[in-house]
Amino acid sequence: MSAVASDAFGRFGLVGEFVRALHSFAAGRSATAFLLVMGGTLLEGLGILLLIPMLGIVFGTSGDTGLVAQVGQFVLGALPAHTVAGRLAILLSIFAVLIILRGVVLVKRDVLLTRLQADFVNSRRFRILELLTRSQWSTVSRLRHGRIAHILGNDVYNLRSAAHFIVQSGVAGAILVVQATLAVLISPALALLVFLFLGLSFAFMRPLLARARRLGSDVAGANLSLANSTLEFLSGLKVSLSQNLQQGFLCAFTQGSYLAADREVAFAKQRAISQAVLTGFAAALGGCVLLAAVLWLRSPTPALIALILVMARMAGPAMQIQQGTQQIFHTLPAFAHLKQLEAELSGGADWSDTLLPEDRIIVPQPIEFRSVSFDHGPRRPDGGAGLRDVSLQLPPGIFLGVKGPSGAGKTTFSDLLVGLFPPQSGVVCVGPKTLEGPHLRAWRESISYVSQDPFLYHATIRENLLWARAEATEADMWRAAEIADAVDLLKRLPEGLDSIVGERGCLLSGGERQRIALARALIRKPVLLLLDEATNAVDLQSESSILEHLAQLDPRPTIVIVAHRESSLAFCDRVVEFSHGKLVQNSERLSFVS
């Protein structure tokens with residue numbers, strides 16, 4: 001893209017950024033697309049020019065001495081046939097070949113442009129997902145899930161619409177240039193009237209574009225608000241229904257829906273009015289051109305017919321550009337949302353793709369906290385104390401219990417242990433290496449983490465288990481279920497491993513979800529198994545059975561269990577206690593394993 005073109009795009013602000021992003025993504029394919037676009041329009045232009053000598057044969061007029069007429073006369077003179085029928089047959093054959101070639105070019109053009117649009121939009125969606133997977137938890141945890149879901153769904157769909165309208169407007173622009181050139185060749189004086197009309201049309205559009213963008217921003221904001229409130233309502237649906245509190249959501253949702261609908265209707269009204277005005281304009285222009293051609297310029301019939309055909313062909317692309325430009329400005333606030341989210345996530349990547357063999361963690365290794373401190377600051381929603389100057393050494397294979405009151409630092413300790421947050425001071429080491437860069441990525445590949453409220457996909461139990469390790473066998477699943485005390489559950493379900501668990505496991509009880517999540521964690525064969533209140537929904541007898549099985553694993557991974565129940569800590573080799581972010585107890589116990 002030339003510097004002049006870049007400056008022109010830059011004046012359109014967000015539209016310019018979007019066009020540059022689309023052009024940059026297209027790379028080598030943009031030249032092919034340009035050639036196909038121009039090829040299709042030039043073949044159409046040649047077909048229209050070919051009508052002039054054909055019409056000259058039919059009407060027998062040759063009074064015009066213009067450039068186009070001279071070219072037509074040259075073509076007729078070059079034909080090997082001399083009869084009217086022979087000349088018409090040859091010209092019609094050439095016309096048919098041009099139409100066929102144009103059809104082939106248009107098919108290739110449309111396929112390439114559609115693929116280009118789809119790939120561009122997917123690349124932006126994948127970019128967001130990649131940034132989400134690479135960003136630090138401190139960044140991701142502050143993002144609203146409804147906002148992310150809306151951007152990946154509704155906004156990306158609007159992005160594709162914007163890309164479609166930009167591409168189609170570009171194609172229409174190319175057609176318009178070729179048709180305008182034909183108009184100049186046929187009658188320069190009449191072409192000036194056409195150009196005057198186009199100039200007035202674009203001047204008429206300027207205020208409409210600003211309004212289209214404002215309406216688009218209003219609609220995007222309203223839809224984002226609806227997405228956020230819907231996701232929150234679904235997350236708390238059980239509580240809402242149990243207390244009959246859903247009416248408030250329905251009222252807010254209805255108001256937001258009507259607001260978005262009103263903005264869409266306003267935009268549709270603006271678009272319809274502008275189309276009606278421009279259509280009337282075009283009809284008046286056509287009448288003026290026809291009168292001028294007949295009464296003033298006295299254009300020959302072939303040239304006049306060709307000019308009318310060219311004008312008719314110009315009306316479609318001109319209208320398409322007018323409508324498409326409004327649609328672009330209306331949908332591009334979605335691009336602003338996507339860029340903002342990308343900017344928030346771009347600074348939070350916490351590893352590179354490089355993972356060397358020496359970085360991999362294959363066997364349990366000692367874990368050490370060396371004077372580790374982490375302060376969540378005033379933005380921590382639960383007011384957690386974080387950690388203060390914690391030093392701790394864990395030998396491989398230890399069964400460690402972690403206790404303390406709420407807000408004491410247990411969750412922060414767990415987050416630092418798995419590398420969700422980097423220490424603000426001090427270091428966390430696994431073996432001889434600090435948890436950072438590729439070593440942190442390798443560490444996460446060696447961990448299984450089960451939370452108090454475990455996440456399950458809306459899928460079968462088998463699919464949920466295979467998510468942790470795709471190559472796991474049926475025997476692996478039943479072995480993990482045995483350790484997690486879930487065998488009776490699987491046998492009780494009609495479909496066994498192929499039973500659907502529902503959204504986030506809603507078809508299972510809390511204890512059943514925890515058992516399945518624990519089985520999934522064990523299938524991963526981790527070096528570290530972290531259980532954060534992961535058995536608090538299980539009855540005491542089942543919990544004892546589970547913890548006994550874990551304690552007797554051979555070889556045993558390093559196991560860290562965060563719990564409030566003393567019974568949950570009874571199987572631990574060692575128990576540490578936190579209070580106000582400080583390590584206040586670090587007691588050895590006799591190992592349960594004999």
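Helix α2 (residues 14–26) packs against helix α12 (residues 333–346) at an angle of about 70°, and their axes lie 10 Å apart. That angle makes α2 roughly perpendicular to α12, a term that covers 65 to 115 degrees. Axes are lines fitted to C-alpha atoms, for helices over the stretch in contact, and angles run from 0 to 180 degrees between N-to-C directions. Helices (H or I, at least four residues) and strands (E, at least two) are DSSP runs, numbered from the N terminus.

The model is predicted: local features need pLDDT of at least 70 and side-chain atom pairs count only at pLDDT 80 or more, while totals for chains, interfaces and linings use all residues. Residues are numbered from 1 along each chain as its sequence is written, and side-chain values use heavy atoms, with hydrogens and water left out.

On the α2 side, the contact is made by L14, E17, F18 and A21; on the α12 side, by P333, F335, A336 and K339. Contact means heavy atoms within 4.5 Å. By class, this contact has 6 nonpolar, no polar and 2 charged residues. Ala, Val, Leu, Ile, Met, Phe, Trp, Tyr, Cys and Pro count as nonpolar, Asp, Glu, Lys and Arg as charged, and the others, Gly among them, as polar.

The structure holds 7 aromatic pairs. Rings of Phe, Tyr and Trp (its six-membered ring) pair if their centres lie within 6.5 Å, and planes over 60 degrees apart count as edge-to-face. Two of these pairs are listed below.

| Pair | Centre distance | Plane angle | Arrangement |
|---|---|---|---|
| F18 and F335 | 5.0 Å | 80° | edge-to-face |
| F455 and Y457 | 5.0 Å | 80° | edge-to-face |

F455, by contrast, is partly exposed, at a relative accessible area of 33%, and Y457 is partly exposed at 34%; partly exposed lies between the buried limit of 20% and the exposed limit of 50%.

Elsewhere, 4 strands form an open antiparallel sheet in the order β2-β1-β4-β5. Strands pair if DSSP finds at least two bridges between them. β2 (387–394) and β5 (433–434) stand at the edges, each with a single partner strand, so one side of each lacks a neighbour in the sheet. Helix α13 (residues 410–418) packs on the sheet and touches β1 (367–374), β2 and β4; its direction makes about 125° with that of β1. Strand β4 (residues 425–430) is joined to β5 by 2 bridges, and V430 stands opposite K433 in β5.

Definitions and conventions: Parallel < 35°, antiparallel > 145°, perpendicular 65-115°, else oblique. Phe/Tyr/Trp six-rings, centres within 6.5 Å; stacked < 30°, edge-to-face > 60°. Buried < 20%, exposed > 50% of the residue type's maximum accessible area, 1.4 Å probe, protein only.
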